[in-house]
Amino acid sequence: MKFRFLEEKIVGGLMILSTFLVFAFFGSILWTIVKHGFPSLTWEMVSRLPGGGFYLGKEGGILNAIAGSLMIVSGSTLLGLLISIPVVFYMNVYLRKKAKPAYFIRLTFDVLFGIPSIVYGAFAFTVMIFFGLKTSLLGGIIVITLLIIPIFIRSMDEVAKSVPKELLEAAYSLGATRLETAGVVLRQIAPGIATATLLSIGRAIGDAAGVMFTAGFTDNIPTSPGQPAATLPLSVFFQLSSPIPEVRERAYAAALLLTLIVLVLSIVGRIVMNRFSKNSIK
């Protein structure tokens with residue numbers, strides 16, 4: 001009895017220690033970004049395009065990177081949803097949950113989930129060279145879409161698998177078609193869609209390797225899908241590698257801005273997820 005009590009105390013202590021370490025690492029990262037970036041984060045930096053000597057410490061801002069990141073993230077998220085939702089419905093409504101095709105589909109997306117983003121970027125870059133395409137906003141959207149589709153599908157699939165079987169049988173017994181039943185499932189997995197979207201946006205907006213090969217970089221805001229687009233992660237990378245202290249401080253400011261954008265999107269995602277959760281069966 002004493003041994004079990006001691007074992008419980010040790011495991012509980014390890015859990016508290018692990019939680020403390022996670023918060024400590026998170027706090028140290030956040031403190032480093034705020035300490036170095038907040039003094040350089042000005043309205044001029046957020047609202048202006050880079051000047052001729054911006055990367056040498058002169059005037060200008062990162063509006064091009066902010067706009068490019070938002071364009072790529074919004075486009076890839078929308079495209080990823082349009083592709084992923086039908087796949088999830090096919091696996092959970094049109095196929096049996098334990099059918100072999102559904103198993104192999106899930107296994108495929110599990111493998112794709114673990115592939116590094118630079119591999120996606122290298123693949124997309126090879127395809128672009130083959131077809132004679134240049135780095136562009138469209139290329140960045142396509143490669144980020146490929147990157148986040150496994151996140152979308154596996155996240156929504158786990159929620160869809162938890163939909164009660166009796167709910168589907170009730171829909172079929174009332175004469176509903178599979179397409180109409182998919183609408184019932186959609187209502188139930190709405191919180192999962194919100195969660196998957198939140199995870200995908202966080203992965204998409206922070207990716208640098210994939211867009212480096214496909215979207216390129218520019219000091220201007222793209223006005224068409226065929227023009228290059230800058231992103232905040234690449235802006236941080238280029239500025240942080242500069243030998244000029246002022247430019248490196250701007251890199252931390254860009255990183256802080258990127259963190260704030262993810263924080264705002266996370267809060268909005270939580271609000272949307274809570275709203276959709278009211279309509280689902282517990």
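1. Basis of the note. The model is predicted, so that local features need pLDDT of at least 70 and side-chain atom pairs count only at pLDDT 80 or more, while totals for chains, interfaces and linings use all residues. Residues are numbered from 1 along each chain as its sequence is written, and side-chain values use heavy atoms, with hydrogens and water left out.

2. Overall fold. The protein chain holds twelve helices and zero strands, where helices (H or I, at least four residues) and strands (E, at least two) are DSSP runs numbered from the N terminus. Its C-alpha atoms fill a box of roughly 70 × 65 × 35 Å, taken along the principal axes. Of the 282 residues in the protein chain, 39% are buried; buried means under 20% relative accessible area, exposed over 50%, and partly exposed in between, with a 1.4 Å probe and protein chains only. Among contacts (heavy atoms within 4.5 Å) between residues at least 6 apart in sequence, 73% join residues at least 24 apart.

3. Helix 9. This helix covers residues 190-205, and its 16 residues reach 22 Å from the first C-alpha to the last, close to the 22 Å expected at 1.5 Å a residue; the expected span is 1.5 Å times one less than the number of residues. Helix 9 is mostly covered, with twelve of its 16 residues buried, and among them are Pro191, Gly192, Thr197, Ser200 and Ile205.

4. The nonpolar core. A nonpolar core is a set of buried Ala, Val, Leu, Ile, Met, Phe, Trp, Tyr and Cys residues joined through side-chain atoms within 4.5 Å. The largest one has 53 residues, and those with the most contacts inside it are Ile62, Ile72, Ile144, Ile189 and Leu232. Elements that give two or more residues to this core include helix 3 (63-94), helix 6 (137-161), helix 9 and helix 12 (245-277), and the largest share, eleven residues, comes from helix 6. Leaving out residues up to four places away in sequence, Leu232 touches Ile62, Ala65, Ile66, Ser69, Ala254, Leu258 and Ile261.

5. The cavity. On a 1 Å grid over the protein atoms alone, a cavity is a set of points where a 1.4 Å probe fits but cannot get out, and lining residues have an atom within 4 Å of a point. The count comes to one cavity of 30 Å³ or more, and about 40 Å³ of space lies in the largest cavity, a volume being the space filled by probe spheres set on the points.

6. Ser76. This residue lies in helix 3 and counts as buried because its relative accessibility is 0%. Apart from neighbours within four places in sequence, Ser76 is in contact with Ile141, Ile144, Thr145, Ile148 and Ala204.

7. Ile149. Found in helix 6, Ile149 counts as buried because its relative accessibility is 10%. Not counting residues up to four places away in sequence, Ile149 touches Gly80, Ile83, Ser84 and Phe109. The C-alpha atoms of Ile149 and Ala196 are separated by 9.7 Å, with the two residues 47 apart along the chain.

Notes: 1 Å grid on protein atoms, 1.4 Å probe; cavity = no way out; pocket = protein on both sides within 12 Å on 5 of 7 lines; lining within 4 Å.
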